[in-house]
Amino acid sequence: MKPREETQVRSRIRRLSFDVGPPARDYQFRAFTRVCGIEVGVDLEEVEPEERPRAVRLCQSEHFFLYRVGSIVDWCRKLELELKDFYVQFVFSIGFGANVRMGQAIVGRRGRAVLLIQSFIHREQQLGVFTIYFEPDNPEKILCEDIVPHELMHILDVRQGRSPSVYPYVPPGQGEWLDLFRHLWIDGYLEQHGLPYLPREKRIRDLAEAIGTEKAETLASAWWGKPMTMRDAVRLGLDAGLALEQDSPMAIWWKNIKDS
Ligand SMILES: [Zn+2]
């Protein structure tokens, strides 16, 4: 899969505390249709050219999105996330590669949010999305749980003031480790509220790769489900020996706020 950072439209907004404009003007988003009161777009860039006509045909029916968008609206209600300035874009990918990110939330400093959901066509006609319990060998499990609540939490982090807006594709060395810490709070919160979450053991394993098992376990005990600001996440990472490249957006932000 082609790294998304390379696409020109997206790299323009790779700053910290960036703005997100209306669909189709400031970022790659074809406002395709309105479903359940939400503007829904699709990105077929990664679909093989010969597969595109079929995908376009399916996308032209509003019905195709109804179930999936309806469930996104339900998750928003459960998390009390306002649907104002909220857009959904289904990103179709070929195959289930290791790079699949399942979902991403792009949220600007004014809270305008684009929820990107990696999608595929299931059984030739249904809109499938990747799920937390996705198992390639067991496709029946595909529709049972959802990555959406996790991504919505990243939007809430900005809207509720815990975090400045951070473009989700942070280059290596510039704070790509921040989410390893923030996920302790996010998935812990989701677990405590009975919503789909990535298990604590997985989050500890991911964090341990960066800072070692002992530190990762100690931090998980302290922070699982406990509100964590971006400031907390930077401090935890630096204390654990991780670094921010000098003069990167995050390093500048940290220098400006750390003593305030
Ligand atoms: Zn995340």
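## Overall make-up

Of the protein's 260 residues, 36% count as buried, that is, 20 or more other C-beta atoms, placed from the backbone, lie within 10 Å of the residue's own. The secondary structure comes to 9 helices and 6 strands; these are DSSP runs (helices H or I, at least four residues; strands E, at least two) numbered from the N terminus.

The model is predicted: local features need pLDDT of at least 70, side-chain atom pairs count only at pLDDT 80 or more, and totals for chains, interfaces and linings use all residues. Residue numbers start from 1 along each chain as its sequence is written.

## Nonpolar core

A nonpolar core is a set of buried Ala, Val, Leu, Ile, Met, Phe, Trp, Tyr and Cys residues joined through C-beta atoms within 7 Å. The largest one has 65 residues, of which Val 88, Ile 106, Ala 113 and Ile 155 touch the most other members. Helix H5 (residues 178–192) gives this core its largest share, 8 residues. At least three core residues come from each of domain 1 (4–159) and domain 2 (178–257), with bounds from an automatic or database domain assignment.

## Contacts

Two residues are in contact if their C-beta atoms, placed from the backbone, lie within 7 Å. Leaving out residues up to four places away in sequence, Ala 113 touches Asp 85, Phe 86, Ala 105, Ile 106, Val 107 and Ile 155. Among contacts between residues at least 6 apart in sequence, 67% join residues at least 24 apart.

## Confidence

The mean pLDDT (the predictor's confidence in each residue, from 0 to 100) is 84, and 83% of residues reach 70 or more. Confidence is lowest in helix H1 (residues 8–11), at a mean of 41, and highest in helix H7 (residues 213–223), at 98.

Methods
A residue is buried if 20 or more other C-beta atoms lie within 10 Å of its own, exposed if 12 or fewer, and partly exposed in between; C-beta atoms are placed from the backbone.
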